[in-house]
Amino acid sequence: MECIRLEYDVDGENFASAGNASESVKRTLKQMGVSPESVRRVAIAMYEGEINMVIHAHGGRAEAEIYPDHIDIYLKDKGPGIADLELAMKAGWSTASENIRSLGFGAGMGLPNMKKYSDEMKVDSVVGVGTTVFLRIRF
């Protein structure tokens, strides 16, 4: 089976559309007969990445490559970058503004949840340039 490639623009100005990419990937995986637990893990990890792009980077791009036994997800933005990745990986740590927190976002669980629900995670971030997060989730 060939790779199924899906690509999405993540609108950084619209919290209502955050999650559209992960929802689309979730539907595709369900149609392919991927196990509900794997679909859940993908949906959570990818949604967290989308929300991070909206909160911190004014949007970005989400790409998914679906293989028979796993999915590779690439979340790319041209935001401010992550100054201290080790700190950003700590549950509860966030640079989200009070306004974002008042909307119910920015609890500091994005990167920790992405790591928790994926089998592999790699973060490449350059301050002032942007961030790319790679996630692999095996089915």
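Which residue of strand 5 is the bridge partner of methionine 121? It is leucine 135, and the walk below shows where that pair sits. This is a predicted model, in which local features need pLDDT of at least 70 and side-chain atom pairs count only at pLDDT 80 or more, while totals for chains, interfaces and linings use all residues. Residues are numbered from 1 along each chain as its sequence is written, and side-chain values use heavy atoms, with hydrogens and water left out.

Five strands form an open sheet in the order 1-2-3-5-4, with antiparallel pairing. Strands here are DSSP runs of E with at least two residues, helices are runs of H or I with at least four, and both are numbered from the N terminus; two strands pair if DSSP finds at least two bridges between them. Strand 1 (4-11) and strand 4 (120-126) are the edge strands, each pairing on one side only. On average, neighbouring strands of this sheet are turned by 10° against each other, direction ignored.

Now follow the pairings across. Strand 2 (residues 59-66) and strand 3 (residues 70-77) are joined in the antiparallel sense by six bridges, and glutamate 63 has tyrosine 74 of strand 3 as its bridge partner. Strand 3 also runs antiparallel to strand 5, with eight bridges between them; here aspartate 72 is partnered by arginine 136 of strand 5. Seven bridges connect strand 4 with strand 5, again in the antiparallel sense. Besides the opening pair, valine 126 stands opposite glycine 130 in strand 5. Strands 4 and 5 form a hairpin with three residues between them, and glycine 128 in the turn has a positive phi of about 85°.

Next come the helices. Two packed helices are described by the angle between their axes and the distance between the axes. Helix 1 (residues 20-31) and helix 2 (residues 36-57) pack at about 165°, with their axes 8 Å apart. That angle makes helix 1 roughly antiparallel to helix 2, a term for angles over 145 degrees. Axes are lines fitted to C-alpha atoms, for helices over the stretch in contact, and angles run from 0 to 180 degrees between N-to-C directions. Among the residues making the contact are Val25 and Leu29 of helix 1 and Val39, Val42 and Met46 of helix 2, where contact means heavy atoms within 4.5 Å.

To end, look at the aromatic rings. The structure holds two aromatic pairs, counted when ring centres of Phe, Tyr or Trp (its six-membered ring) lie within 6.5 Å. In one of them, the rings of phenylalanine 15 and phenylalanine 105 have centres 4.6 Å apart and planes at 20°, so the pair is stacked, the word for planes under 30 degrees apart. Phenylalanine 15 lies in the loop between strand 1 and helix 1, and phenylalanine 105 in the loop between helix 4 (98-102) and helix 5 (110-116), so the pair links parts of the chain 90 residues apart.

Methods. Parallel < 35°, antiparallel > 145°, perpendicular 65-115°, else oblique. Phe/Tyr/Trp six-rings, centres within 6.5 Å; stacked < 30°, edge-to-face > 60°.
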